[in-house]
Amino acid sequence: MNLATTPTVKSLGDCAYQAIEKHFHKTIKWEKSVKKDEDPEALHQMRVGMRRLRTAVSRFELCLNLPKSASDKNIGKIARILGNLRDLDVLKEILENNYKPHLLPKEQASLEIAFSTLAKQREVAFSQVQKILKDETYKSFKNHFQQWLEKPSYQPLAHLPIQQVLPDLLLPEVSKLLLHPGWMIGTQVVNSEVVVQSNWTPEELEKNLKNQGKILHDLRKQAKRVRYQMELFTDLYGEAFSTHISQVKSIQEILGMLQDSMVLNEWLENIFKSEINEQISGLITLLAVNRYQLWQQWQPLQQQYLKPETRQNLYLTILPSLSIDN
C-alpha cells in the first residue's frame, strides 16, 4: 500500500489549517531580515514561503472562509514584488559564480557594465519591496491571517475526511501538467507514437527556444504548482509518492535553469545591444553551451513523461487513497 496510515482521520479543514499555519509563519519570520536587506537567502525563503502559502490558499479555498486580504490574488501581488528582487539576485549569482571566472580578463572588465546596471535595477526593486512591506496591503494580509488562525472559519466541505478527497484535490493539477503542450517541443509523431528528437544541433535548439521558450517556461511553472501541491500531502502517502515529487522537482529545476539562461541572455542583449558580440562574445557562447547541455538533461525526463506507463503510475499512486478503511 502506498499510503501511510494514521491513528485518527484528518479532515480537509485540518489539513488546510496545518498548511496555512506552517507556511504563513515560515513566511513572516523572514520579514525583518528582508527589510534590512541583510541576506539574499532571507529574501529567497520569504518568496518561497509566499508561493507555498499561495498554493495552500488556492488549493484549499473551496473549504475555507478567508478574508479578502488573504486571497490568492493578494498573496500573488506581494510574491511578485519579492520575486522581482530575487530574480535580480539570481542573475548576479549566476554571472559571478558560473560565468565570470571562465571569461578572459577583457570580458570580465566588460561585464562590470552589466553589474553596474544590475545594481541600479536592484535599488529600484528593493525600494518596491520596502514599499509593499510597509503598505496596507501587506499589513492587512498579515493581520487577517493571524486573526483567521486564531479563529478559523470553514465551509461545509471542510468536514470531509482528507483521504476521501485527496484524488479530487491532486488530479486536476496533475492532469494539467501531463497534458501541457511543452512536452511536445522537440518531438515528432510517428505512427501515433511520440518520438523525442535527439539530433538537434545547437543552432536548431536556439531557434526553437526563441520561438517556444515561453511554452517551456509555462511547463516549468505548472511543474512547480504540482510539486508544491503534492508536498502538502507527503505525510499521507508513502515512498512512491515522494519519488514522484522528486521527479517533478527535477523537471522544475532543469527547465528553471534553462529559463534562467535565456533570461540572462536577453538581459545582456538589452544592455550591450549591437556591441554584445564585440564585448562579451565568450559569455554568449558559454550561455549557449549551457543551454545545449541542459537540453540533453531535459530530454530523458521528457521521454519518461511521454510514456503511458509513467502517467498511469503517477495516477495510481494518487488514487489508492480511495481504498483507505476509515
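Let me begin with a term: helices (H or I, at least four residues) and strands (E, at least two) are DSSP runs, numbered from the N terminus. With that in hand, here is one more pair of words. On a 1 Å grid over the protein atoms alone, a pocket is an open set of points with protein on both sides within 12 Å along at least five of seven lines, while a cavity is a set of points where a 1.4 Å probe fits but cannot get out; residues count as lining when they have an atom within 4 Å of a point.

Before we look around, some housekeeping. What you see is a predicted model, where local features need pLDDT of at least 70 and side-chain atom pairs count only at pLDDT 80 or more, while totals for chains, interfaces and linings use all residues. Residues are numbered from 1 along each chain as its sequence is written, and side-chain values use heavy atoms, with hydrogens and water left out.

The largest pocket has a volume of about 1,600 Å³, where a volume is the space filled by probe spheres set on the grid points, and points are joined across faces, edges and corners. Of the 44 residues lining this pocket, Arg47, Arg51, Asp87, Arg220 and Lys224 come closest to its centre. Two or more lining residues come from each of α3, α4, α8, α9 and α10. Which helix gives the most to that lining? That is α4, with 14 residues.

Let's turn to charges. There are 15 salt bridges in the structure, a salt bridge being a side-chain nitrogen of Lys or Arg within 4 Å of a carboxyl oxygen of Asp or Glu. One of them joins aspartate 72 and arginine 54, at 2.4 Å from N to O. Aspartate 72 sits in helix α4 (residues 72-99) and arginine 54 in helix α3 (residues 40-60), so this pair ties together parts 18 residues apart in sequence. Are these two buried or exposed? For that we need cut-offs: buried means under 20% relative accessible area, exposed over 50%, and partly exposed in between (1.4 Å probe, protein chains only). Aspartate 72 is partly exposed at 22%, and arginine 54 is partly exposed at 31%.

Another bridge links aspartate 89 with arginine 122, with the closest N and O atoms 2.6 Å apart. Here aspartate 89 is in helix α4 and arginine 122 in helix α5 (residues 105-134), so the pair ties together parts that are 33 residues apart in sequence. Aspartate 89 is buried, at 7% relative accessible area.

Glutamate 173 is buried at 9%. There is a network of salt bridges too, linking Glu31, Lys35 and Lys142.

How many disulfides does the search of the whole structure find? The count is 0, with a disulfide taken as a pair of cysteine sulfur atoms within 2.5 Å. Cysteine 15 is buried at 6%, and cysteine 63 is buried at 0%.

On to the inside. A nonpolar core is a set of buried Ala, Val, Leu, Ile, Met, Phe, Trp, Tyr and Cys residues joined through side-chain atoms within 4.5 Å. In the largest one, with 96 residues, Phe60, Phe233, Leu268 and Trp298 touch the most other members. Leaving out residues up to four places away in sequence, phenylalanine 60 touches Leu12, Cys15, Ala16, Ala19, Leu169, Leu232 and Phe233; contact means heavy atoms within 4.5 Å.

Serine 192 has a positive phi, near 65°, though it is a residue other than glycine. It is found in the loop between β1 (187-190) and β2 (193-196), and is exposed at 75%. Lysine 273, also not a glycine, has a positive phi of about 50°. Its place is the loop between α9 (239-272) and α10 (276-305), where lysine 273 is exposed at 56%.
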